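Good morning, and thank you for coming.

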Amino acid sequence: MTPRIEDYALIGDLQTAALVGRDGSIDWLCLPRFDSAACFAALLGDEENGHWRIAPKGAGECTGRGYRGDTLVLESFWETRTGTVKVVDFMPQRDEAPDVVRIVEGVSGTVEMASTLRLRFDYGSVVPWVRRSDGHRAAVAGPDSVWLRSEPHVKTWGQQYSTCSSFEVSAGEQVAFVLTWHPSHRPRPDLIDPYEALEHSLEDWEEWAGRCRYEGPYREAVIRSLITLKALTYRPTGGIVAAPTTSLPEQIGGVRNWDYRYCWLRDSTLTLGALLSAGYVEEAGAWRNWLLRAVAGDPADLQIMYGLSGERRLPETELDWLPGYGRSAPVRTGNAAVRQLQLDVYGEVVDSLYLAREAGLDAQPHAWNLELSLLGFLEAKWREPDEGLWEIRGPRRHFVHSKVMAWVAADRAVRTLEADPSLRGDAGRWRAMREEVHREVCEKGYDPVRNTFTQSYGSRELDAATLLIPRVGFLPPDDPRVVGTVDAVRAELGQDGFVRRYSTETGPARGTAVDGLPGGEGTFLVCSFWLADALRMTGREKEARELFERLLALRNDVGLLAEEYDPVSGRQLGNYPQAFSHIGLVGTALALLSEDAAG
(Lines give C-alpha, C1' and ligand atoms only; values in the text may rest on other atoms or scores of the structure.)
Protein backbone atom coordinates (compact mmCIF):
# COMPACT_ATOMS: atom_id res chain seq x y z
CA MET A 1 0.00 0.00 0.00
CA THR A 2 1.11 3.56 -0.68
CA PRO A 3 1.95 5.31 2.62
CA ARG A 4 -0.20 8.30 3.46
CA ILE A 5 1.50 11.65 3.00
CA GLU A 6 1.34 12.21 6.75
CA ASP A 7 3.13 8.91 7.37
CA TYR A 8 6.40 10.68 6.64
CA ALA A 9 8.72 12.56 8.97
CA LEU A 10 11.26 15.19 7.90
CA ILE A 11 15.02 15.33 8.37
CA GLY A 12 17.34 17.90 6.77
CA ASP A 13 20.55 19.91 6.88
CA LEU A 14 19.32 23.42 5.92
CA GLN A 15 20.19 22.82 2.26
CA THR A 16 18.04 19.83 1.42
CA ALA A 17 15.67 17.44 3.18
CA ALA A 18 14.53 13.81 3.22
CA LEU A 19 11.23 12.12 4.04
CA VAL A 20 11.36 9.04 6.28
CA GLY A 21 8.38 6.68 6.42
CA ARG A 22 6.99 4.83 9.42
CA ASP A 23 8.47 1.66 7.91
CA GLY A 24 12.02 3.05 8.15
CA SER A 25 12.31 3.86 4.45
CA ILE A 26 13.68 7.14 3.13
CA ASP A 27 11.49 7.60 0.06
CA TRP A 28 12.44 11.15 -0.99
CA LEU A 29 15.80 12.90 -1.05
CA CYS A 30 17.20 15.47 -3.47
CA LEU A 31 20.96 16.05 -3.46
CA PRO A 32 22.71 18.36 -3.00
CA ARG A 33 19.94 21.02 -2.84
CA PHE A 34 16.19 21.07 -2.27
CA ASP A 35 15.66 21.61 -6.01
CA SER A 36 18.22 19.05 -7.23
CA ALA A 37 17.20 15.78 -8.85
CA ALA A 38 16.07 13.11 -6.37
CA CYS A 39 18.20 10.02 -5.73
CA PHE A 40 15.32 8.49 -3.73
CA ALA A 41 12.01 8.99 -5.56
CA ALA A 42 9.88 6.06 -4.31
CA LEU A 43 7.51 8.72 -2.95
CA LEU A 44 6.38 9.39 -6.53
CA GLY A 45 6.74 5.85 -7.83
CA ASP A 46 7.81 2.65 -6.11
CA GLU A 47 10.92 1.11 -4.58
CA GLU A 48 12.50 0.75 -8.02
CA ASN A 49 12.64 4.54 -8.20
CA GLY A 50 14.98 4.70 -5.23
CA HIS A 51 14.73 4.35 -1.45
CA TRP A 52 16.74 3.31 1.63
CA ARG A 53 15.08 1.17 4.24
CA ILE A 54 16.55 0.13 7.59
CA ALA A 55 14.23 -1.88 9.85
CA PRO A 56 14.01 -5.19 11.72
CA LYS A 57 13.96 -8.10 9.31
CA GLY A 58 10.39 -8.88 8.31
CA ALA A 59 8.92 -5.95 10.27
CA GLY A 60 6.41 -3.41 9.04
CA GLU A 61 5.81 0.04 10.46
CA CYS A 62 7.56 1.21 13.60
CA THR A 63 5.67 0.96 16.87
CA GLY A 64 6.53 4.51 17.86
CA ARG A 65 8.57 7.50 16.73
CA GLY A 66 9.26 11.14 17.48
CA TYR A 67 11.83 13.88 17.36
CA ARG A 68 14.29 14.03 20.23
CA GLY A 69 13.27 17.15 22.09
CA ASP A 70 13.22 20.38 20.09
CA THR A 71 15.41 19.05 17.28
CA LEU A 72 15.15 17.55 13.80
CA VAL A 73 16.71 14.27 14.95
CA LEU A 74 14.18 11.49 14.38
CA GLU A 75 13.94 8.37 16.55
CA SER A 76 11.88 5.36 15.39
CA PHE A 77 11.29 2.34 17.64
CA TRP A 78 10.35 -1.21 16.75
CA GLU A 79 9.23 -3.66 19.43
CA THR A 80 9.74 -7.18 18.10
CA ARG A 81 9.39 -10.70 19.46
CA THR A 82 13.11 -10.85 20.24
CA GLY A 83 13.71 -7.32 21.47
CA THR A 84 13.39 -3.58 20.91
CA VAL A 85 15.51 -1.48 18.55
CA LYS A 86 15.80 2.22 17.77
CA VAL A 87 16.84 3.88 14.49
CA VAL A 88 18.08 7.47 14.75
CA ASP A 89 17.88 9.45 11.49
CA PHE A 90 19.31 12.91 10.87
CA MET A 91 21.31 15.05 8.46
CA PRO A 92 24.10 17.05 10.16
CA GLN A 93 24.45 20.67 9.09
CA ARG A 94 27.13 20.28 6.49
CA ASP A 95 30.62 21.69 6.41
CA GLU A 96 31.44 20.28 2.99
CA ALA A 97 29.17 17.54 1.67
CA PRO A 98 25.63 16.40 2.52
CA ASP A 99 25.41 13.34 4.76
CA VAL A 100 22.51 11.15 5.81
CA VAL A 101 23.27 9.41 9.11
CA ARG A 102 21.27 6.41 10.37
CA ILE A 103 22.27 4.95 13.74
CA VAL A 104 20.77 1.61 14.77
CA GLU A 105 20.75 1.11 18.53
CA GLY A 106 19.70 -1.96 20.48
CA VAL A 107 17.34 -1.12 23.34
CA SER A 108 16.56 -4.60 24.70
CA GLY A 109 17.08 -8.20 23.64
CA THR A 110 18.63 -8.94 20.25
CA VAL A 111 17.08 -7.87 16.94
CA GLU A 112 18.05 -8.92 13.41
CA MET A 113 18.14 -5.88 11.15
CA ALA A 114 18.06 -5.48 7.36
CA SER A 115 19.19 -2.56 5.21
CA THR A 116 18.29 -2.13 1.54
CA LEU A 117 19.80 0.82 -0.32
CA ARG A 118 18.43 1.35 -3.81
CA LEU A 119 20.01 4.45 -5.37
CA ARG A 120 18.32 5.85 -8.48
CA PHE A 121 19.70 9.17 -9.64
CA ASP A 122 17.80 11.75 -11.71
CA TYR A 123 14.39 11.22 -10.12
CA GLY A 124 14.51 7.45 -10.08
CA SER A 125 15.57 6.98 -13.69
CA VAL A 126 19.32 6.24 -13.54
CA VAL A 127 20.84 3.09 -12.01
CA PRO A 128 24.39 3.91 -10.85
CA TRP A 129 27.51 1.80 -11.17
CA VAL A 130 28.36 0.52 -7.68
CA ARG A 131 31.81 -0.70 -6.63
CA ARG A 132 33.80 -1.37 -3.47
CA SER A 133 36.48 1.09 -2.42
CA ASP A 134 38.42 1.11 0.85
CA GLY A 135 35.76 -1.05 2.46
CA HIS A 136 32.98 1.33 1.39
CA ARG A 137 30.36 1.16 -1.34
CA ALA A 138 30.73 3.86 -4.00
CA ALA A 139 27.98 4.60 -6.52
CA VAL A 140 28.56 6.77 -9.60
CA ALA A 141 26.35 7.93 -12.46
CA GLY A 142 27.03 11.08 -14.47
CA PRO A 143 27.54 14.06 -12.14
CA ASP A 144 26.52 12.19 -8.98
CA SER A 145 28.60 10.08 -6.62
CA VAL A 146 27.42 8.56 -3.32
CA TRP A 147 29.45 6.68 -0.70
CA LEU A 148 28.01 4.31 1.89
CA ARG A 149 29.92 3.17 4.93
CA SER A 150 29.13 1.72 8.35
CA GLU A 151 30.72 1.92 11.81
CA PRO A 152 31.43 -0.75 12.90
CA HIS A 153 31.81 -2.39 9.51
CA VAL A 154 28.80 -4.36 8.30
CA LYS A 155 29.04 -6.75 5.38
CA THR A 156 27.12 -5.64 2.28
CA TRP A 157 26.27 -7.36 -0.98
CA GLY A 158 24.64 -6.47 -4.26
CA GLN A 159 21.20 -7.81 -5.10
CA GLN A 160 18.85 -6.70 -7.88
CA TYR A 161 20.70 -3.40 -8.37
CA SER A 162 20.56 -2.71 -4.62
CA THR A 163 23.08 -2.74 -1.77
CA CYS A 164 21.88 -5.01 1.04
CA SER A 165 23.09 -5.89 4.51
CA SER A 166 21.91 -7.95 7.46
CA PHE A 167 23.17 -7.67 11.03
CA GLU A 168 22.14 -8.07 14.65
CA VAL A 169 22.08 -5.52 17.47
CA SER A 170 21.73 -6.28 21.15
CA ALA A 171 20.95 -3.96 24.02
CA GLY A 172 23.49 -1.14 24.18
CA GLU A 173 25.07 -1.89 20.79
CA GLN A 174 25.14 0.65 17.96
CA VAL A 175 25.72 0.45 14.22
CA ALA A 176 25.93 3.68 12.24
CA PHE A 177 25.45 4.05 8.48
CA VAL A 178 26.58 7.21 6.67
CA LEU A 179 25.52 8.09 3.13
CA THR A 180 27.58 10.92 1.58
CA TRP A 181 27.04 12.69 -1.75
CA HIS A 182 29.59 14.65 -3.76
CA PRO A 183 30.10 15.69 -7.40
CA SER A 184 31.54 12.70 -9.23
CA HIS A 185 34.47 14.70 -10.63
CA ARG A 186 35.64 15.64 -7.12
CA PRO A 187 37.50 13.45 -4.61
CA ARG A 188 35.58 11.86 -1.77
CA PRO A 189 34.95 14.36 1.06
CA ASP A 190 36.47 13.91 4.49
CA LEU A 191 34.65 11.34 6.58
CA ILE A 192 32.50 12.47 9.49
CA ASP A 193 32.21 10.71 12.83
CA PRO A 194 28.49 9.77 12.97
CA TYR A 195 28.32 9.73 16.75
CA GLU A 196 29.98 13.13 17.12
CA ALA A 197 27.73 14.43 14.34
CA LEU A 198 24.69 13.31 16.35
CA GLU A 199 25.81 15.21 19.42
CA HIS A 200 26.55 18.33 17.38
CA SER A 201 23.18 18.12 15.60
CA LEU A 202 21.33 17.84 18.89
CA GLU A 203 23.26 20.81 20.28
CA ASP A 204 22.68 22.92 17.15
CA TRP A 205 18.92 22.38 17.11
CA GLU A 206 18.45 22.73 20.86
CA GLU A 207 20.42 25.98 20.87
CA TRP A 208 18.34 27.31 17.99
CA ALA A 209 15.02 26.29 19.53
CA GLY A 210 16.13 27.79 22.85
CA ARG A 211 16.21 31.24 21.24
CA CYS A 212 12.44 31.19 20.72
CA ARG A 213 10.82 33.80 22.92
CA TYR A 214 7.28 32.45 22.54
CA GLU A 215 6.05 31.25 25.94
CA GLY A 216 2.32 31.09 25.36
CA PRO A 217 -0.17 28.26 24.93
CA TYR A 218 0.41 25.62 22.26
CA ARG A 219 4.16 26.17 22.62
CA GLU A 220 5.05 22.63 21.50
CA ALA A 221 3.14 23.11 18.23
CA VAL A 222 4.67 26.55 17.66
CA ILE A 223 8.23 25.34 18.29
CA ARG A 224 7.77 22.35 15.97
CA SER A 225 6.41 24.62 13.23
CA LEU A 226 9.32 27.03 13.64
CA ILE A 227 11.81 24.13 13.48
CA THR A 228 10.07 22.99 10.29
CA LEU A 229 10.37 26.49 8.78
CA LYS A 230 14.04 26.53 9.74
CA ALA A 231 14.47 23.11 8.07
CA LEU A 232 12.96 24.54 4.86
CA THR A 233 15.52 27.34 4.82
CA TYR A 234 18.35 27.21 2.31
CA ARG A 235 21.10 28.40 4.63
CA PRO A 236 23.56 29.73 1.99
CA THR A 237 21.08 32.39 0.81
CA GLY A 238 18.33 32.65 3.44
CA GLY A 239 15.61 31.63 0.97
CA ILE A 240 12.75 29.50 2.34
CA VAL A 241 11.20 26.84 0.09
CA ALA A 242 7.44 26.37 0.09
CA ALA A 243 7.96 22.61 0.57
CA PRO A 244 10.78 20.10 -0.01
CA THR A 245 8.68 18.01 -2.43
CA THR A 246 7.19 18.13 -5.89
CA SER A 247 3.93 16.74 -7.25
CA LEU A 248 2.28 15.46 -4.09
CA PRO A 249 -1.33 15.75 -5.26
CA GLU A 250 -4.08 18.09 -4.16
CA GLN A 251 -6.48 15.30 -5.13
CA ILE A 252 -5.44 11.63 -5.14
CA GLY A 253 -5.37 10.50 -8.75
CA GLY A 254 -5.71 14.07 -10.03
CA VAL A 255 -3.56 16.41 -12.12
CA ARG A 256 -3.08 19.26 -9.61
CA ASN A 257 0.51 18.29 -8.90
CA TRP A 258 3.08 21.07 -8.70
CA ASP A 259 6.73 21.61 -7.80
CA TYR A 260 7.03 23.58 -4.55
CA ARG A 261 10.81 23.46 -4.09
CA TYR A 262 11.12 27.20 -4.71
CA CYS A 263 10.67 30.46 -2.80
CA TRP A 264 7.34 32.29 -3.16
CA LEU A 265 6.95 36.03 -2.61
CA ARG A 266 3.33 35.57 -1.46
CA ASP A 267 4.65 34.00 1.76
CA SER A 268 7.08 36.82 2.49
CA THR A 269 5.17 39.10 4.89
CA LEU A 270 3.66 36.26 6.93
CA THR A 271 7.02 34.47 7.10
CA LEU A 272 8.83 37.61 8.22
CA GLY A 273 6.17 38.35 10.81
CA ALA A 274 6.26 34.85 12.27
CA LEU A 275 10.07 34.85 12.55
CA LEU A 276 10.25 38.30 14.10
CA SER A 277 7.46 37.64 16.59
CA ALA A 278 9.15 34.44 17.74
CA GLY A 279 12.48 36.21 18.24
CA TYR A 280 14.38 34.94 15.19
CA VAL A 281 15.74 38.27 14.00
CA GLU A 282 18.76 36.75 12.24
CA GLU A 283 16.58 34.44 10.13
CA ALA A 284 14.16 37.28 9.39
CA GLY A 285 17.06 39.44 8.24
CA ALA A 286 18.39 36.67 6.00
CA TRP A 287 14.93 36.24 4.44
CA ARG A 288 14.61 40.02 3.92
CA ASN A 289 18.04 40.14 2.28
CA TRP A 290 17.16 37.19 0.02
CA LEU A 291 14.02 39.06 -0.95
CA LEU A 292 15.93 42.22 -1.85
CA ARG A 293 18.40 40.30 -4.02
CA ALA A 294 15.72 38.24 -5.75
CA VAL A 295 13.46 41.15 -6.77
CA ALA A 296 16.25 43.54 -7.78
CA GLY A 297 15.97 44.78 -11.36
CA ASP A 298 13.19 46.06 -13.57
CA PRO A 299 9.86 45.98 -11.64
CA ALA A 300 8.17 44.69 -14.80
CA ASP A 301 10.27 41.52 -14.43
CA LEU A 302 9.14 40.77 -10.86
CA GLN A 303 8.24 37.08 -10.52
CA ILE A 304 5.92 35.35 -8.07
CA MET A 305 8.64 32.84 -7.15
CA TYR A 306 12.37 32.35 -7.50
CA GLY A 307 14.95 29.63 -7.06
CA LEU A 308 16.87 29.10 -3.84
CA SER A 309 19.51 31.65 -4.82
CA GLY A 310 17.11 33.92 -6.68
CA GLU A 311 17.19 32.02 -10.00
CA ARG A 312 14.52 33.20 -12.42
CA ARG A 313 14.31 30.36 -14.93
CA LEU A 314 12.26 27.48 -13.51
CA PRO A 315 11.10 25.63 -16.66
CA GLU A 316 8.29 23.15 -16.06
CA THR A 317 8.86 19.57 -17.23
CA GLU A 318 6.85 16.36 -16.86
CA LEU A 319 8.67 13.19 -15.74
CA ASP A 320 6.74 10.51 -17.61
CA TRP A 321 8.64 7.56 -16.11
CA LEU A 322 7.21 8.28 -12.65
CA PRO A 323 3.57 7.23 -12.12
CA GLY A 324 3.08 9.79 -9.36
CA TYR A 325 2.01 9.50 -5.76
CA GLY A 326 -1.09 7.29 -5.65
CA ARG A 327 -1.08 7.24 -9.48
CA SER A 328 -1.47 11.02 -9.53
CA ALA A 329 0.12 12.12 -12.79
CA PRO A 330 1.84 14.03 -14.18
CA VAL A 331 4.91 14.44 -12.01
CA ARG A 332 6.33 17.89 -12.65
CA THR A 333 9.61 19.66 -11.99
CA GLY A 334 9.91 23.39 -12.41
CA ASN A 335 6.85 25.61 -12.28
CA ALA A 336 5.27 27.38 -15.25
CA ALA A 337 3.39 29.73 -12.91
CA VAL A 338 6.67 31.64 -12.63
CA ARG A 339 5.65 33.45 -15.82
CA GLN A 340 2.32 34.66 -14.45
CA LEU A 341 1.34 38.22 -13.63
CA GLN A 342 0.31 38.34 -9.98
CA LEU A 343 -0.08 41.92 -8.88
CA ASP A 344 -0.49 40.98 -5.23
CA VAL A 345 3.23 40.15 -4.94
CA TYR A 346 4.13 43.85 -5.32
CA GLY A 347 2.10 44.55 -2.22
CA GLU A 348 3.64 41.59 -0.44
CA VAL A 349 7.17 42.83 -1.10
CA VAL A 350 6.43 46.42 -0.03
CA ASP A 351 4.60 45.17 3.07
CA SER A 352 7.51 42.87 3.97
CA LEU A 353 10.05 45.68 3.71
CA TYR A 354 7.76 47.95 5.73
CA LEU A 355 7.50 45.29 8.44
CA ALA A 356 11.29 44.82 8.45
CA ARG A 357 11.76 48.56 8.86
CA GLU A 358 9.21 48.76 11.68
CA ALA A 359 10.85 45.82 13.45
CA GLY A 360 14.19 47.61 13.43
CA LEU A 361 16.09 45.28 11.10
CA ASP A 362 19.34 46.84 9.95
CA ALA A 363 18.59 49.35 7.22
CA GLN A 364 19.45 48.56 3.61
CA PRO A 365 20.13 51.85 1.81
CA HIS A 366 18.81 50.69 -1.55
CA ALA A 367 15.61 49.12 -0.17
CA TRP A 368 13.51 52.29 -0.27
CA ASN A 369 14.55 53.09 -3.84
CA LEU A 370 13.52 49.55 -4.80
CA GLU A 371 10.14 50.08 -3.14
CA LEU A 372 9.58 53.33 -5.02
CA SER A 373 10.36 51.54 -8.26
CA LEU A 374 7.87 48.78 -7.47
CA LEU A 375 5.25 51.33 -6.48
CA GLY A 376 5.70 53.24 -9.72
CA PHE A 377 5.13 50.08 -11.72
CA LEU A 378 2.11 49.10 -9.64
CA GLU A 379 0.61 52.57 -9.98
CA ALA A 380 0.48 52.06 -13.74
CA LYS A 381 -0.60 48.39 -13.69
CA TRP A 382 -2.99 47.81 -10.77
CA ARG A 383 -6.09 48.36 -12.92
CA GLU A 384 -5.19 45.39 -15.13
CA PRO A 385 -6.42 41.80 -14.63
CA ASP A 386 -3.98 39.16 -13.42
CA GLU A 387 -3.75 35.47 -12.46
CA GLY A 388 -4.09 36.19 -8.75
CA LEU A 389 -2.69 34.74 -5.55
CA TRP A 390 -3.66 31.14 -6.34
CA GLU A 391 -1.81 30.97 -9.68
CA ILE A 392 -4.94 30.47 -11.75
CA ARG A 393 -4.18 28.66 -15.01
CA GLY A 394 -7.29 30.10 -16.62
CA PRO A 395 -8.16 33.56 -18.02
CA ARG A 396 -6.93 36.61 -16.16
CA ARG A 397 -9.43 38.36 -13.91
CA HIS A 398 -9.69 41.40 -11.69
CA PHE A 399 -9.03 39.52 -8.46
CA VAL A 400 -10.11 41.38 -5.35
CA HIS A 401 -7.13 40.17 -3.31
CA SER A 402 -4.71 41.53 -5.92
CA LYS A 403 -6.37 44.94 -5.75
CA VAL A 404 -6.36 44.88 -1.93
CA MET A 405 -2.62 44.20 -1.97
CA ALA A 406 -2.13 47.14 -4.35
CA TRP A 407 -3.86 49.20 -1.68
CA VAL A 408 -1.47 47.72 0.90
CA ALA A 409 1.53 48.81 -1.17
CA ALA A 410 0.27 52.38 -1.39
CA ASP A 411 -0.75 52.43 2.27
CA ARG A 412 2.66 51.25 3.49
CA ALA A 413 4.37 53.85 1.32
CA VAL A 414 2.24 56.60 2.90
CA ARG A 415 2.96 55.31 6.40
CA THR A 416 6.69 55.10 5.71
CA LEU A 417 6.88 58.67 4.43
CA GLU A 418 4.76 59.98 7.30
CA ALA A 419 7.09 58.27 9.77
CA ASP A 420 10.26 59.49 8.02
CA PRO A 421 9.73 62.64 5.93
CA SER A 422 13.45 62.67 5.07
CA LEU A 423 12.90 59.82 2.63
CA ARG A 424 12.45 60.63 -1.03
CA GLY A 425 8.87 60.28 -2.28
CA ASP A 426 5.48 61.95 -2.71
CA ALA A 427 3.12 60.85 0.06
CA GLY A 428 0.25 62.67 -1.61
CA ARG A 429 0.71 60.61 -4.78
CA TRP A 430 0.48 57.31 -2.92
CA ARG A 431 -2.35 58.60 -0.76
CA ALA A 432 -4.37 59.34 -3.92
CA MET A 433 -3.61 55.85 -5.28
CA ARG A 434 -4.63 54.30 -1.97
CA GLU A 435 -7.97 56.11 -2.02
CA GLU A 436 -8.68 55.22 -5.64
CA VAL A 437 -7.95 51.51 -5.16
CA HIS A 438 -10.06 51.41 -2.00
CA ARG A 439 -13.00 53.07 -3.70
CA GLU A 440 -12.88 50.77 -6.73
CA VAL A 441 -12.62 47.56 -4.67
CA CYS A 442 -15.56 48.56 -2.50
CA GLU A 443 -17.62 49.39 -5.60
CA LYS A 444 -16.68 46.51 -7.93
CA GLY A 445 -15.45 43.76 -5.63
CA TYR A 446 -18.28 43.81 -3.12
CA ASP A 447 -21.69 42.13 -3.50
CA PRO A 448 -24.18 44.24 -1.47
CA VAL A 449 -26.98 41.69 -1.91
CA ARG A 450 -24.97 38.91 -0.22
CA ASN A 451 -22.93 41.31 1.94
CA THR A 452 -19.58 39.85 0.91
CA PHE A 453 -16.49 40.63 -1.08
CA THR A 454 -16.16 38.31 -4.06
CA GLN A 455 -13.23 36.58 -5.70
CA SER A 456 -13.12 38.97 -8.67
CA TYR A 457 -15.04 41.88 -10.09
CA GLY A 458 -18.50 40.85 -11.31
CA SER A 459 -18.16 37.28 -10.05
CA ARG A 460 -20.38 35.42 -7.60
CA GLU A 461 -17.50 33.16 -6.57
CA LEU A 462 -15.81 33.67 -3.22
CA ASP A 463 -12.13 33.50 -2.25
CA ALA A 464 -10.65 32.69 1.16
CA ALA A 465 -7.97 35.34 0.52
CA THR A 466 -10.61 37.99 1.27
CA LEU A 467 -10.37 36.84 4.91
CA LEU A 468 -7.13 38.85 4.99
CA ILE A 469 -8.95 42.18 4.41
CA PRO A 470 -9.07 43.13 8.12
CA ARG A 471 -5.61 41.71 8.79
CA VAL A 472 -3.90 44.00 6.26
CA GLY A 473 -5.96 46.99 7.44
CA PHE A 474 -8.07 47.52 4.31
CA LEU A 475 -11.20 47.69 6.48
CA PRO A 476 -11.62 47.48 10.26
CA PRO A 477 -12.71 44.11 11.69
CA ASP A 478 -16.06 45.46 12.89
CA ASP A 479 -17.07 46.74 9.45
CA PRO A 480 -20.30 44.93 8.44
CA ARG A 481 -18.75 44.07 5.06
CA VAL A 482 -15.89 42.27 6.80
CA VAL A 483 -18.21 40.34 9.10
CA GLY A 484 -20.40 39.45 6.12
CA THR A 485 -17.40 38.25 4.13
CA VAL A 486 -16.20 36.04 6.97
CA ASP A 487 -19.64 34.51 7.31
CA ALA A 488 -20.06 34.01 3.54
CA VAL A 489 -16.64 32.36 3.11
CA ARG A 490 -17.37 30.12 6.06
CA ALA A 491 -20.74 29.10 4.63
CA GLU A 492 -19.86 28.71 0.94
CA LEU A 493 -16.26 27.52 1.08
CA GLY A 494 -16.45 25.67 4.37
CA GLN A 495 -16.19 21.89 4.58
CA ASP A 496 -16.43 20.16 7.93
CA GLY A 497 -15.42 23.41 9.59
CA PHE A 498 -12.32 23.94 7.46
CA VAL A 499 -12.02 26.19 4.39
CA ARG A 500 -11.33 25.65 0.70
CA ARG A 501 -9.42 28.49 -0.93
CA TYR A 502 -12.02 28.85 -3.71
CA SER A 503 -14.64 26.72 -5.46
CA THR A 504 -13.40 24.17 -8.01
CA GLU A 505 -16.93 23.02 -8.82
CA THR A 506 -18.16 23.11 -12.41
CA GLY A 507 -21.52 22.62 -14.06
CA PRO A 508 -24.20 24.39 -16.10
CA ALA A 509 -24.87 26.92 -13.35
CA ARG A 510 -21.24 27.62 -12.52
CA GLY A 511 -19.47 27.19 -15.86
CA THR A 512 -15.78 26.33 -16.07
CA ALA A 513 -13.78 26.26 -12.84
CA VAL A 514 -11.97 29.55 -12.31
CA ASP A 515 -8.56 27.84 -12.30
CA GLY A 516 -9.13 26.11 -15.64
CA LEU A 517 -8.20 22.68 -14.24
CA PRO A 518 -10.21 19.45 -13.94
CA GLY A 519 -10.90 17.78 -10.61
CA GLY A 520 -11.00 19.22 -7.12
CA GLU A 521 -8.80 19.66 -4.08
CA GLY A 522 -8.96 19.49 -0.30
CA THR A 523 -9.50 22.21 2.26
CA PHE A 524 -6.59 24.62 2.32
CA LEU A 525 -4.93 24.64 5.71
CA VAL A 526 -3.49 28.16 5.70
CA CYS A 527 -6.92 29.49 4.70
CA SER A 528 -8.42 27.68 7.68
CA PHE A 529 -5.88 29.43 9.92
CA TRP A 530 -6.91 32.70 8.26
CA LEU A 531 -10.51 31.94 9.17
CA ALA A 532 -9.49 31.43 12.79
CA ASP A 533 -7.72 34.80 12.66
CA ALA A 534 -10.76 36.48 11.12
CA LEU A 535 -13.11 34.96 13.70
CA ARG A 536 -10.87 36.29 16.47
CA MET A 537 -10.70 39.76 14.91
CA THR A 538 -14.48 39.92 14.51
CA GLY A 539 -15.06 39.15 18.17
CA ARG A 540 -15.60 35.40 18.04
CA GLU A 541 -12.56 34.38 20.06
CA LYS A 542 -14.07 31.13 21.39
CA GLU A 543 -14.87 29.91 17.88
CA ALA A 544 -11.41 30.96 16.70
CA ARG A 545 -9.73 28.96 19.45
CA GLU A 546 -11.90 25.90 18.77
CA LEU A 547 -11.03 25.98 15.07
CA PHE A 548 -7.35 26.43 15.85
CA GLU A 549 -7.37 23.41 18.13
CA ARG A 550 -9.11 21.35 15.45
CA LEU A 551 -6.37 22.38 13.02
CA LEU A 552 -3.70 21.38 15.51
CA ALA A 553 -5.31 17.95 15.69
CA LEU A 554 -4.66 17.47 11.95
CA ARG A 555 -0.89 17.44 12.48
CA ASN A 556 0.68 14.02 12.20
CA ASP A 557 2.42 12.24 15.07
CA VAL A 558 5.58 14.35 14.63
CA GLY A 559 3.75 17.68 14.26
CA LEU A 560 3.84 18.17 10.47
CA LEU A 561 1.24 19.58 8.08
CA ALA A 562 0.84 19.36 4.32
CA GLU A 563 -0.79 22.02 2.17
CA GLU A 564 -4.32 20.63 2.33
CA TYR A 565 -6.62 18.26 4.22
CA ASP A 566 -9.45 16.09 2.89
CA PRO A 567 -12.18 15.81 5.55
CA VAL A 568 -13.85 12.94 3.66
CA SER A 569 -10.86 10.58 3.63
CA GLY A 570 -9.23 12.10 6.70
CA ARG A 571 -5.92 12.49 4.86
CA GLN A 572 -3.43 15.27 4.27
CA LEU A 573 -2.92 16.33 0.66
CA GLY A 574 -0.45 18.36 -1.35
CA ASN A 575 3.25 19.05 -0.96
CA TYR A 576 4.68 18.26 2.44
CA PRO A 577 5.56 19.63 4.86
CA GLN A 578 4.19 22.95 3.70
CA ALA A 579 5.76 26.20 4.92
CA PHE A 580 2.56 28.20 4.38
CA SER A 581 0.57 25.88 6.68
CA HIS A 582 3.16 26.11 9.45
CA ILE A 583 3.41 29.89 9.03
CA GLY A 584 -0.36 30.03 9.47
CA LEU A 585 -0.13 27.94 12.64
CA VAL A 586 2.52 30.19 14.18
CA GLY A 587 0.68 33.36 13.20
CA THR A 588 -2.64 32.24 14.68
CA ALA A 589 -1.00 31.03 17.90
CA LEU A 590 0.74 34.40 18.29
CA ALA A 591 -2.55 36.23 17.67
CA LEU A 592 -4.37 34.14 20.25
CA LEU A 593 -1.56 34.81 22.72
CA SER A 594 -1.95 38.55 22.21
CA GLU A 595 -5.69 38.14 22.77
CA ASP A 596 -5.00 36.35 26.05
CA ALA A 597 -2.58 39.08 27.11
CA ALA A 598 -5.10 41.79 26.24
CA GLY A 599 -7.84 39.92 28.11
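This is a predicted model: local features need pLDDT of at least 70, side-chain atom pairs count only at pLDDT 80 or more; totals for chains, interfaces and linings use all residues.

By class, seven nonpolar, seven polar and nine charged residues make up the lining of the second largest pocket. Here Ala, Val, Leu, Ile, Met, Phe, Trp, Tyr, Cys and Pro count as nonpolar, Asp, Glu, Lys and Arg as charged, and the others, Gly among them, as polar. Residues are numbered from 1 along each chain as its sequence is written, and side-chain values use heavy atoms, with hydrogens and water left out.

A pocket is an open set of points on a 1 Å grid over the protein atoms alone, where a 1.4 Å probe fits, with protein on both sides within 12 Å along at least five of seven lines; lining residues have an atom within 4 Å of a point. A volume is the space filled by probe spheres set on the points, which are joined across faces, edges and corners.

The second largest pocket has a volume of about 450 Å³. Its lining has 23 residues, and Met1, Thr2, Pro3, Tyr8 and Asp27 lie nearest the centre. Strand S3 (25–30) and strand S5 (51–56) are the elements that give two or more residues to this lining. Helices (H or I, at least four residues) and strands (E, at least two) are DSSP runs, numbered from the N terminus.

The largest pocket has a volume of about 720 Å³. Of its 32 lining residues, Thr269, Leu270, Gly273, Leu355 and Arg471 lie nearest its centre. Helix H14 gives the largest share of that lining, eight residues. The lining divides into 16 nonpolar, eight polar and eight charged residues.

Let us turn to a sheet. Three strands form an open sheet in the order S26-S27-S28, with antiparallel pairing; two strands pair if DSSP finds at least two bridges between them. Strands S26 (523–524) and S28 (571–573) stand at the edges with a single partner strand each, so one side of each has no neighbour in the sheet.

Finally, the backbone. Where is proline 577? Proline 577 lies in the loop between S28 and H14, and a cis peptide bond joins tyrosine 576 to proline 577, with omega about -20°. Glutamine 160 has a positive phi, near 50°, and is exposed (over 50% relative accessible area) at 61% relative accessibility.

Methods:
Buried means under 20% relative accessible area, exposed over 50%, partly exposed in between (1.4 Å probe, protein chains only).
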